[in-house]
Amino acid sequence: MKTSQLVLGIESSCDETGVALVLSTGLQVPALLAHALHSQVEMHQAYGGVVPELASRDHVRRVLPLIRNVLQQVQRQIEQIDVIAYTRGPGLAGALLVGAGVACSLGAALGKPVLGVHHLEGHLLSPFLSRDPPEFPFVALLVSGGHTQLMRVDAVGQYGLLGETIDDAAGEAFDKSAKLMGLGYPGGPALSALAVDGNSAAFALPRPLLHSGTLDFSFAGLKTAVLVQAQKLVLANGGDAGDARSLASGMSVAFAALPRLVRANLAASTEAAIVDILLKKSLAALEQTGLRRLVVAGGVGANRVLRNRLNAECEKRQVRVHFPEIHLCTDNGAMIAMAGAMRLQSGLQQPSTNYAFDVKPRWPLSALSQSKILDSILRNT
Ligand code: KG4
Ligand code: ZN
């Protein structure tokens with residue numbers, strides 16, 4: 001095996017096509033050489049959420065030009081790629097199939113091996129792309145649009161689930177609250193922007209499971225409380241019962257007609273409730289494990305309030321907190337190339353030259369350690 005390997009990463013699990021090149025030298029943390037991203041957000045905005053069929057078709061259009069783009073950035077030829085890593089799951093089946101199909105056909109054409117990567121492992125290891133990478137072991141708070149988990153991470157591939165959401169994910173809580181406020185999709189950044197001018201103590205919203213004694217999360221009740229509060233505000237500002245009911249069915253016109261400060265106050269209170277839950281549970285996980293290092297990953301990790309509060313609270317406790325760079329919090333190819341390179345480097349996974357691929361739309365991260373032996377047997381037979 002060559003001592004240094006050029007790893008191409010392809011991400012296509014949802015609504016971003018991401019491609020990147022990472023150089024693994026086998027000794028230090030692999031280095032990110034180039035990455036490129038096409039976000040489908042604008043395309044899906046008209047529908048208020050991701051339309052899976054449109055997502056797949058757009059990935060088909062974008063992925064090859066993005067691969068050319070990253071190669072051009074570093075003046076490399078496609079033949080110089082040593083391994084192709086792609087997101088194998090979880091995610092939208094059709095979208096995943098595009099990345100897997102391109103990776104495996106490219107691998108077959110070039111005679112280069114391929115490696116299926118877990119999307120959440122990509123998020124989990126994304127802080128290693130930063131200039132100040134973490135050291136193992138650490139507690140990881142994984143907060144994306146579909147997942148909210150606290151993990152104990154001892155090494156690449158050694159992930160123990162400490163707690164997770166029993167209903168909605170933190171990103172979903174942002175997205176659903178934003179939707180009823182008429183803020184469009186994706187809701188997190190829009191709600192956060194509106195919240196900047198608001199008072200986070202204006203409305204007392206619930207923090208479900210905060211004192212449950214477990215490290216599990218629940219956000220479904222919060223979303224309902226935001227809806228009830230929004231309906232009260234509509235009624236208090238001259239709306240009628242029909243206007244209030246329309247919020248529950250996703251018609252946000254009545255809410256959008258409220259004074260901006262009132263809307264900003266509800267957005268800020270919602271953001272504070274979500275951040276509070278994430279903060280308290282993360283601190284409890286650190287206490288429970290006795291670990292002194294926290295890694296935050298996933299799209300919600302881009303939230304400024306969450307970053308500021310975690311920084312402040314961790315500093316008080318002399319705990320190091322690591323975030324991916326803001327632009328690498330949401331889905332991207334760099335994290336997939338990095339996770340692939342780190343799995344290769346740690347000897348956990350051999351790349352395969354069996355190009356008969358499958359994808360795993362549902363794939364719990366905690367199953368990764370158990371499934372790796374079986375996976376490698378299945379993929380090499
Ligand atoms: O990790 P990600 O890009 O995709 C998934 O794998 O789900 O996360 C997307 C989620 C969405 O729910 C989005 O609203 C949320 O991350 N998000 C944010 C922010 N940026 C993205 N939530 C709060 N504040 C943000 N700044
Ligand atoms: Zn993601």
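Welcome to this tour of a predicted model. Start by selecting the zinc ion (ligand 2), whose site is irregular, with angles of 93 to 141° among its 4 donor atoms.

**Stop 1: the zinc partners**

Which residues coordinate the zinc ion (ligand 2)? Show the side chains of H119, H123 and D331: the two histidines use NE2 and the aspartate uses OD, at 2.0 to 2.1 Å. Along the chain, these donors follow the spacing H-x3-H-x207-D.

**Stop 2: helix α4**

Now select residues 119-125, which form helix α4. H119 and H123 are 4 residues apart in this helix, so about one helical turn separates them. Are these histidines buried or exposed? H119 counts as buried because its relative accessibility is 7%, and H123 is buried too, with a relative accessible area of 1%.

**Stop 3: a pair of helices**

Next, color helix α7 (residues 220-236) and helix α8 (residues 241-248). Two packed helices are described by the angle between their axes and the distance between the axes. Here the axes come within 9 Å and cross at roughly 155°, which means that α7 is roughly antiparallel to α8. The crossing of α7 past α8 is right-handed.

Finally, show the side chains where these helices meet. On α7, pick L227, A230, Q231, V234 and L235; on α8, their partners are A241, D243, A244, R245, L247 and A248.

Terms used. Residues are numbered from 1 along each chain as its sequence is written. Chains are lettered from A and ligands numbered from 1 in the order in which they are written. This is a predicted model: local features need pLDDT of at least 70, side-chain atom pairs count only at pLDDT 80 or more; totals for chains, interfaces and linings use all residues. Side-chain values use heavy atoms; hydrogens and water are left out. Donors are N, O and S atoms within 2.8 Å of the metal (3.2 Å for Na, K and Ca); water is not among the atoms, so sites may look incomplete. Four donors count as tetrahedral if all angles lie between 85 and 135 degrees; four count as square planar and six as octahedral if opposite donors are over 155 degrees apart and all others between 65 and 115; anything else is irregular. Helices (H or I, at least four residues) and strands (E, at least two) are DSSP runs, numbered from the N terminus. Buried means under 20% relative accessible area, exposed over 50%, partly exposed in between (1.4 Å probe, protein chains only). Axes are lines fitted to C-alpha atoms, for helices over the stretch in contact, and angles run from 0 to 180 degrees between N-to-C directions. Angles under 35 degrees count as roughly parallel, over 145 as roughly antiparallel, 65 to 115 as roughly perpendicular and the rest as oblique. A crossing is left-handed if the near helix is turned anticlockwise from the far one by less than a right angle, and right-handed if clockwise. Contact means heavy atoms within 4.5 Å.
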